[in-house]
Amino acid sequence: MIIMTKKRLQAWGDTKIIAIVGAFVYDQDGQLLLLRRHSDDLGGGQWGTPGGRIDPDESPLQAMQREFFEETGVKSPEFTELGVHEVRMPHGAVHITSYRAKLDPQAVVVIDPLEHEAYAWFDPDKLLEADRILWGMPSILRDFGLLNDFAGDDPTLADGSSVKRLS
């Protein structure tokens, strides 16, 4: 019997910034697809968008298409680039290029259990009340006009993390 393992991401500190991608993918009812990160990963148990690191030989769009297929088993929908944010978290900083897409109603999401523990569809307007949403997601959605402005602070940044729009 072969046992598959995955190299888990380790903290990298705040002197290095990693380039990543993420997609806000909606169904026909306007619900947002989120994946629950594997409990052994940084941010384990948190809900985040499909996405990941940009490899040295690929563009952000190519990385988004690759990551989306790897993480959902669904051929890439048409992605629209939204912009870039810097997110500083307790374990390191990223520059995330965000995309938006709509998933075909016939698409079947199949997650890789080595990468994620679950997927679910969320009402974007209730993300501020949801538990364990990934760092800065409400702020990023708001910056792109995908979430109504909210009073007070982004609860996902309560640990001192920060989000800054770059483009």
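**Salt bridges: notebook**

Arg66 first: I find this residue partly exposed, at 22% relative accessibility. The model I am reading is a predicted one.

Which residue pairs with Arg66 in a salt bridge? I looked and found Glu58. The closest N and O atoms of the two are 2.6 Å apart. Is Glu58 buried or exposed? I noted it as buried, with a relative accessible area of 15%. The cut-off for buried is under 20%, so Glu58 qualifies.

Next entry, Arg36. I found a salt bridge from Arg36 to Glu117, with 3.6 Å between the closest N and O atoms. This pair links distant parts of the chain. I placed Arg36 in strand S2, residues 32–37, and Glu117 in strand S7, residues 116–122. The two residues are 81 residues apart. I then checked accessibility. Arg36 is partly exposed at 27%. Glu117 is partly exposed too, at 33%.

Next entry, Arg142 and Asp143. Their side chains meet in a salt bridge, 4.0 Å from N to O. I read Arg142 as partly exposed, at 27% relative accessibility. Asp143 is also partly exposed, with a relative accessible area of 29%.

Last, the tally. How many salt bridges does the count come to? I noted eight.

Conventions. Residues are numbered from 1 along each chain as its sequence is written. This is a predicted model: local features need pLDDT of at least 70, side-chain atom pairs count only at pLDDT 80 or more; totals for chains, interfaces and linings use all residues. Side-chain values use heavy atoms; hydrogens and water are left out. Helices (H or I, at least four residues) and strands (E, at least two) are DSSP runs, numbered from the N terminus. Buried means under 20% relative accessible area, exposed over 50%, partly exposed in between (1.4 Å probe, protein chains only).
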